[in-house]
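Visitor: Hi, I'm new to this one and would like a slow walk through it. Could you put it up on the screen?

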Amino acid sequence: MRKHYIRQQDNLLYEKLLYTGEFHQPSNFTFVVYDKKTVSHDSFDDVTELSSFIDKPGVKWLAVEGLADIDSLEVLFQMLDIDRLWMQDIVNARHIAKIDLLDDDVLVVMDYFYRSDSVLQKEHIAIILRKNM
């Protein structure tokens, strides 16, 4: 009897980014800027709205939920000048945990496990640490 194998496609070195996760929710962008005295918190569905906030002074935190909208993510990655291989690592929900350094930037990719209604859930998380972002 012959075994059949399903070839798993991941992003490695493909020209077009490919989301490999199970959840296909629309992307939502939450941008927080803070300093010693103030905090500003804005949420967007359209990534192009972020361009006016990127250069705000202060410490910045950008949270992105929903990685299936590749077109929006590519716009975001270009806005933030994210390395192409990092883009692929971020949208690959089956990626193994890793920490990667590039110049002064750090990428952390990992899975987050939690229990919801007695069922173990998994979320893919990617964190980029960068000076002035």
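**A first look**

Guide: Of the 133 residues of the chain, 31% count as buried, where buried means under 20% relative accessible area, exposed over 50% and partly exposed in between, with a 1.4 Å probe and protein chains only. This is a predicted model, in which local features need pLDDT of at least 70 and side-chain atom pairs count only at pLDDT 80 or more, while totals for chains, interfaces and linings use all residues. Residues are numbered from 1 along each chain as its sequence is written, and side-chain values use heavy atoms, with hydrogens and water left out.

Visitor: Okay, which pattern does the chain follow along the sequence?
Guide: Read along the sequence, the pattern is β-β-β-α-α-β-β-β, and the secondary structure comes to two helices and six strands. Helices (H or I, at least four residues) and strands (E, at least two) are DSSP runs, numbered from the N terminus.

Visitor: At what angle do helix 1 and helix 2 pack?
Guide: Helix 1 (residues 70-79) and helix 2 (residues 84-91) pack at an angle of about 140°, and their axes are 11 Å apart. Those axes are lines fitted to C-alpha atoms, for helices over the stretch in contact, and angles run from 0 to 180 degrees between N-to-C directions. The two helices are therefore oblique to each other, since angles under 35 degrees count as roughly parallel, over 145 as roughly antiparallel, 65 to 115 as roughly perpendicular and the rest as oblique.

Visitor: And which residues of helix 1 meet helix 2?
Guide: Ile70, Leu73, Glu74 and Phe77 in helix 1 meet Arg84, Met87, Ile90 and Val91 in helix 2, with contact meaning heavy atoms within 4.5 Å.

Visitor: Which residues in helix 1 are buried?
Guide: In helix 1, Ile70, Ser72, Leu73, Glu74, Leu76 and Phe77 are buried, and the buried residues of this helix pack against strand 1 (28-34), strand 3 (59-65) and helix 2. Helix 1 is followed by Asp81, whose phi is positive, near 55°.

Visitor: Changing topic, how many aromatic pairs are there?
Guide: The count comes to three aromatic pairs, under a rule by which rings of Phe, Tyr and Trp (its six-membered ring) pair if their centres lie within 6.5 Å, with planes under 30 degrees apart counted as stacked, over 60 as edge-to-face and the rest as tilted. Phe44 and Phe53 form a tilted pair, 5.1 Å centre to centre with 55° between the planes.

Visitor: Are Phe44 and Phe53 buried or exposed?
Guide: Both Phe44 and Phe53 are buried, and together with Phe31 they form one aromatic cluster.
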